[in-house]
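Colleague: Could you zoom in on one loop of this protein for me and go through it slowly? After that, I'd like to hear how other parts of the chain are put together.

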Amino acid sequence: MRASQEDFESAMNQVKLLKKDPGNEVKLRLYALYKQATEGPCNMPKPGVFDFINKAKWDAWNALGSLPKETARQNYVDLVSSLTSSSESSTQVKPGADRGQQEYENLVVTSEDGITKIMFNRPTRKNAISTQMYQEIMLALKAASKDDSTITVVTGNGDYYCSGNDLANFTDIPPGGVEEKAKQSAIMLRDFVGTFIDFPKPLVAVVNGPAVGISVTILGLFDAVYASDRATFHTPFSHLGLSPEGCASYTFPKIMGPAKATEMLIFGKKLTAGEACAQGLVTEVFPDSTFQKEVWTRLKAYSKLPPNSMRISKQVIRNMEKEKLHAVNAEESSVLQERWLSDECINATMNFLSKKAKL
Ligand SMILES: CCCCCC/C=C/C(=O)SCCNC(=O)CCNC(=O)[C@H](O)C(C)(C)COP(=O)(O)OP(=O)(O)OC[C@H]1O[C@@H](n2cnc3c(N)ncnc32)[C@H](O)[C@@H]1OP(=O)(O)O
C-alpha cells in the first residue's frame, strides 16, 4: 500500500523524535527524499564548490532525478520506519551491539574495508536455515543497512553456500497445531524476504558452493552474484511438495525467461554455475582455486566507490519494482502456508527427516 500524506507527516514527526543521530549520510537521504516528495525534481541552482553543506544537499536531491513524488514519499516513510524500528529493537540486541559487533549463533558477521560480510555458519548442516537463523539474518541485514559499510556480502562457511530451509523447522509444532505453525512460518517468510526487497545498499552474494531452495530464490533480489565453479543452483520445490518463494515466481522469469524459469522452479532442474551465469542469475563464475582471492579483491575495489551514489543508483534501479515485489512476496507466502499442510509436502519432509530421501 502506498504511503499517504498522513503517513508522510507522521514520519516527519518521528524524525524529530529519533533518540540517536542517524548520521550525515542518512540525514542527506531524508532531506533529498523530503524535497523530492514535496517539490519534485531538484529545481535549485547548483551551489558553489566551497559551499560544502548546501552542495551535499543539492547533490543528494539532484541524484533522485525524476523519481515520482509518491515514490519519494513512500521511500521517506520506509526510511524513517527502518530508523525507528532499529532504535526500538536496539533494546533486544545482545552485549556488543553498540560497538556494531552483535553476537549470532548461526552467522559470523564482520565489517572490514567498507564491506559487511554476513556468513552462514552451520557448516555441519550445510548451512540449512533454522528458524533462529532466519531471525539472525534479518537482524544482521538491518544492522548492515545502517552501519557505515558501503557494500554488504552474504556467503557461506564450509563446502556449501546454503542447503535452504532447515527441514526440521517443521517439527517444532506450537500449541496451536500445524495450522498455527504454517501461519507463523508464512509470516516469518514474508518478513525475511521483505528484508531483502528493502535492503538499501548494494547486496552481493558470494556463492562458495552448492545453493538450494530459498538461498537460490532470493538471489534474484541481490545486486550481484559471484559464484565458484563448484556452486550449483537447485530449487527442488515440486520434489518437496512446495512452491516458489523469495519472489522467484516473478524475478526468475524476468531474469531468464519463463521457459528456463519453469525448468528450475517447477521441474527442479539443478543448474551448474556456468548455466546459472548464462541464464543471468549469476554475474560471474570463478575457478574455485582462485575464487575467494579474485572476488574479494574486486569487492574491496568496489567498496571504495562513493557510497551515496551506489545506494541511490540501487534505488533508481530497484524502486519501481518494490511494490510489485512485496505483493509477489505476500502471495507466495500465502500459497506456501497452504502447501505446508498438504500431504505432498508432509510426506516429502518426513521422508527426508527419516533419511529415506535426499535431493
Ligand atoms: C519456514 C520458513 C520459510 C520456508 C521457506 C521455504 C523454503 C524452501 C526451501 O529452501 S526448499 C529446500 C530445502 N532443502 C532441502 O531439501 C535440502 C535437504 N538436504 C539434502 O538433500 C542434502 O542434505 C544435501 C543434498 C543438501 C547435502 O547432501 P550431503 O552432501 O550428502 O550431506 P548430508 O545430507 O549428509 O548433510 C549433512 C547434515 O546436514 C543435514 N542437512 C542438510 N541440509 C539440510 C536441510 N535443508 N534441512 C535439514 N537438515 C539438513 C543432513 O540431514 C545431514 O544431517 P545428519 O548429519 O545426517 O544428521
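Modeller: Let's start with Asn127, which sits in the loop between strand 2 and helix 5 (131–146). Keep in mind that we're looking at a predicted model. The backbone at Asn127 has a phi near 60 degrees, which is a positive value in a residue that isn't glycine. Is Asn127 buried or exposed? Its relative accessibility is 0%, and buried means under 20%, so Asn127 counts as buried.

Cys247 is buried, because its relative accessibility is 0%.

Strand 2 (115–120) gives us a way onward: the loop between strand 1 (107–112) and strand 2 holds Asp113. Which residue does Asp113 form a salt bridge with? The partner is Lys300, and the closest N and O atoms of the pair are 3.8 Å apart. Lys300 belongs to helix 11, so this pair ties together parts that are 187 residues apart in sequence. As for the surface, Asp113 is partly exposed at 41% relative accessible area, and Lys300 is partly exposed at 36%. Here's the general idea: side chains of opposite charge can pair when their charged atoms come close.

While we're in helix 11 (residues 291–302), have a look at Arg298. With 23% relative accessibility, Arg298 is partly exposed. Skipping neighbours within four places in sequence, Arg298 is in contact with Tyr226, Glu284 and Phe286.

Tyr226 leads us to Val207, since Tyr226 turns up among the residues that Val207 touches. Others that Val207 touches include Tyr161, Leu219, Val225, Phe233 and Phe291, leaving out residues up to four places away in sequence. Val207 is part of the largest nonpolar core, which has 57 residues. Tyr161, Val207, Phe222 and Phe233 are the ones that touch the most other members of that core. Which helix gives the most to this core? That's helix 6 (residues 177–197), with eight residues. Apart from this core lies another one of 22 residues, among them Phe8, Leu28, Leu30 and Tyr76.

Ile53 is exposed, because its relative accessible area is 64% and exposed means over 50%. Together with Val49, Phe50 and Phe52, Ile53 forms a nonpolar patch on the surface, with about 540 Å² of accessible area in total. Meanwhile Lys55, Trp58, Ala60 and Trp61 of helix 3 are buried. The buried residues of helix 3 pack against helix 2 (24–39) and helix 12 (307–339).

Arg318 forms a salt bridge with Asp223, and their closest N and O atoms are 3.2 Å apart. Arg318 lies in helix 12 and Asp223 in the loop between helix 7 (214–217) and strand 6 (224–228), so this pair links parts that are 95 residues apart in sequence. Arg318 is partly exposed at 23%, and Asp223 is partly exposed at 33%.

One more pair to find on your screen is Glu263 with Lys269, whose closest N and O atoms are 3.9 Å apart. Glu263 is partly exposed, with a relative accessible area of 30%, and Lys269 counts as partly exposed at 32%. Salt bridges that share partners join Asp223, Lys314 and Arg318 into one network. In total, the count comes to 16 salt bridges.

Last thing: how far does the predictor trust all this? The mean pLDDT of the protein is 91, and 95% of its residues reach 70 or more. The stretch to be careful with is residues 88–100, where the pLDDT is below 50. Beyond near neighbours in sequence, that stretch has eight contacts in the model. The overall scores are ipTM 0.99 and pTM 0.77.

Note on methods. Residues are numbered from 1 along each chain as its sequence is written. This is a predicted model: local features need pLDDT of at least 70, side-chain atom pairs count only at pLDDT 80 or more; totals for chains, interfaces and linings use all residues. Side-chain values use heavy atoms; hydrogens and water are left out. pLDDT is the predictor's confidence in each residue, from 0 to 100. Contact means heavy atoms within 4.5 Å. Patches are made of residues with over 30% relative accessible area and no salt bridge: like charges are joined within 9 Å, nonpolar side chains (Val, Leu, Ile, Met, Phe, Trp, Tyr) within 5 Å. Accessible areas come from the Shrake-Rupley method with a 1.4 Å probe; for residues, only the protein chains shown count as cover. A salt bridge is a side-chain nitrogen of Lys or Arg within 4 Å of a carboxyl oxygen of Asp or Glu. Buried means under 20% relative accessible area, exposed over 50%, partly exposed in between (1.4 Å probe, protein chains only). A nonpolar core is a set of buried Ala, Val, Leu, Ile, Met, Phe, Trp, Tyr and Cys residues joined through side-chain atoms within 4.5 Å. Helices (H or I, at least four residues) and strands (E, at least two) are DSSP runs, numbered from the N terminus.
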